[in-house]
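Welcome! Please take a moment to look over the molecule shown here, and then read on for a short tour.

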Amino acid sequence: RFTDNQIGISADTDLITLTNNAVTIAGGLTTTTMAVTSTFGVTSDFTVNTDKFIVYAANGNTEMTGNLEMSGDTATLSHSGSTGGLAISSAQHVDVESVR
């Protein structure tokens, strides 16, 4: 069903709204592949596979299930806050290969 700048169905007439330089989708979008060629802005929580990687919109806190691998010739983990510090904690142990 097409009405002015909206596309929908009888029970939900504004599923897709078209405006200048923008497409708004009310509800969810399911796709098998998606390429983003510009900034991908997310204003709500961002999740991958329900709970494998989560970024919380309210504060930027991040949760991850699995490993973080940095494969560049030089990799940096930095803390730029003016108070507090950088804490690395584990329920088991932390392996450190070198410290300078």
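Is Phe46 buried, partly exposed or exposed? Phe46 is partly exposed, because its relative accessible area is 31%; buried means under 20%, exposed over 50% and partly exposed in between, using a 1.4 Å probe and protein chains only.

## About the model

This is a predicted model, in which local features need pLDDT of at least 70, side-chain atom pairs count only at pLDDT 80 or more, and totals for chains, interfaces and linings use all residues. Residues are numbered from 1 along each chain as its sequence is written, and side-chain values use heavy atoms, leaving out hydrogens and water.

## The aromatic pair

Searching the whole structure turns up one aromatic pair. Its members are Phe40 and Phe46, edge-to-face at 6.3 Å centre to centre with 75° between the planes. Rings of Phe, Tyr and Trp (its six-membered ring) pair if their centres lie within 6.5 Å; planes under 30 degrees apart count as stacked, over 60 as edge-to-face and the rest as tilted. Phe40 is partly exposed too, with 46% relative accessibility.

## The sheet

Four strands make an open, antiparallel sheet in the order β1-β2-β3-β4. Strands here are DSSP runs (E, at least two residues), numbered from the N terminus, and two of them pair if DSSP finds at least two bridges between them. At the edges are β1 (2-3) and β4 (22-25), each pairing on one side only. Two bridges link β1 with β2 (residues 6-9), and Phe2 sits opposite Ile7 in β2.

## A buried threonine

Strand β3 (residues 12-19) holds Thr17, which counts as buried because its relative accessibility is 17%. Leaving aside residues up to four places away in sequence, Thr17 touches Asn5, Gln6, Ala22, Val23 and Thr24, where contact means heavy atoms within 4.5 Å.
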